[in-house]
Amino acid sequence: MASTSEEERGQSRFIMTANHGFAPFAQEELRRLFGSVKSTVLVSGEVFLVTVSYSWQEAVEMITNQAPIFVRHIQPVQCEIAIDNLATGLEQLKSFVMQQNELNGATVSLQVRKTEDSLSEQSAGALREQLLSEFSELNAQFIVQDAEWILSVLVSSDHIYAGVSYPKDNISDWSGGAVRFQREDGQISRAKFKLLEAEKTFGIDFSAFHHALDIGAAPGGWTSFLLERGMHVTAVDPALMHESLKGHAQLKIMRKNASEVKFRDNQFDLLVCDMSWSPKQMVRLVKDLLYALSPGGTAIVTVKLMHKKPMALIREVIASFEEANMQLQYAKQLFHNRDEITLHMIKY
Ligand SMILES: C[S@@+](CC[C@H](N)C(=O)[O-])C[C@H]1O[C@@H](n2cnc3c(N)ncnc32)[C@H](O)[C@@H]1O
């Protein structure tokens, strides 16, 4: 069952998750770090079981130091149970969990995932509820967020994988890195989730900014977020902004192409751009407006991944911004990014 001997041999296994279709690039990031990486597909294009010649802690350190773009989530596999009968497998899982002394007296977040062809027919939520009652003999307090430990369980068609880790070691403390936000009444666009996620993932204190420039702002999801954080916002877009934003005292709407607008030097301390356009054109337009961002100011920019070589494209975009005194803080494909990534930069 459990494969602690792998740890002793300096090997470890973990499950890596990327946004759908982007696992090959996440695997490339791992190969660059670890050299050869043995991997097995659990969910095509998305979730892989990985074996590396390093302990879990070494692997975590190497991955987090590199701040990968496409590796969204990792979870250790300290217990791997081959199953043809789910009930027997879950019994074995319980015995693994009961042996995890570090969970004694601790707060624990139980995160349960399934593959589509999983042997378990219940939803992941229902399976989680079942496991919570199975593990009730454990002297642990199960909570959802900010727990000391995460107990990750993934049930596929023929295996149960489980592991215990510190939340910070999983890259994201959300199950599988799937960051879920509640949709609000009257929310203008799903795009708002990208900024909410950037706020959490990059640790940005948006309430510290005063004047924001939003390029490619319509229909206004990002603008509404910036207004909620208390900023004065200038929104630039030839397209219409949402009705609900019109007449907002702290909002100036410019229905123009970003190449046609003029501002004062250093007028803004935050510049955001979500133009969903050719990256080359986006970089040119944003660079042409950087005079309006004060030194020390922050830029959050989404980069559409247009062609088949995203790594090369991303390097090019970052290098081009660096020429314009923009220092990269993070480049990351957020859960709410589709065919794009988000850059967090500071002007020096
Ligand atoms: C993905 S939408 C932005 C969504 C927005 N962030 C939100 O939260 O609602 C992209 C927008 O970029 C705008 N856009 C594209 N090219 C532009 C340009 N050259 N100048 C200004 N806006 C542009 C489009 O009109 C479109 O409204």
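Biologist: Which residue has a side-chain N or O atom 2.8 Å from a nitrogen atom of the ligand?

Modeller: The model is predicted, so local features need pLDDT of at least 70 and side-chain atom pairs pLDDT 80 or more, while totals for chains, interfaces and linings use all residues. Residues are numbered from 1 along each chain as its sequence is written, and side-chain values use heavy atoms, leaving out hydrogens and water. A polar contact is a pair of N or O atoms within 3.5 Å. The residue with that side-chain atom at 2.8 Å from the ligand nitrogen is Asp274.

Biologist: How much of the ligand's accessible area does the protein cover?

Modeller: Accessible areas come from the Shrake-Rupley method with a 1.4 Å probe. On its own, the ligand has 610 Å². The protein covers 83%.

Biologist: How many residues of the ligand shell are nonpolar?

Modeller: Near means a heavy atom within 4 Å. There are 20 residues around the ligand, and Gly221, Trp222, Asp237, Ala258 and Asp274 come nearest. Gly counts as polar here, Trp and Ala as nonpolar, Asp as charged. The shell has three charged residues, six polar ones and a nonpolar group of 11.

Biologist: How far apart are the centres of domain 1 and domain 2?

Modeller: Domain 1 spans 4–177 and domain 2 spans 192–347. These bounds come from an automatic or database assignment. Over C-alpha atoms, the centres are separated by 34 Å.

Biologist: How many salt bridges are counted between domain 1 and domain 2?

Modeller: A salt bridge needs a Lys or Arg side-chain nitrogen within 4 Å of an Asp or Glu carboxyl oxygen. Five residue pairs are in polar contact between the domains, both at pLDDT 80 or more. The salt-bridge count is zero.

Notes:
A polar contact is a pair of N or O atoms within 3.5 Å; within protein, one must be able to donate a hydrogen and the other to accept it, and residues adjacent in sequence count only if both atoms are side-chain atoms.
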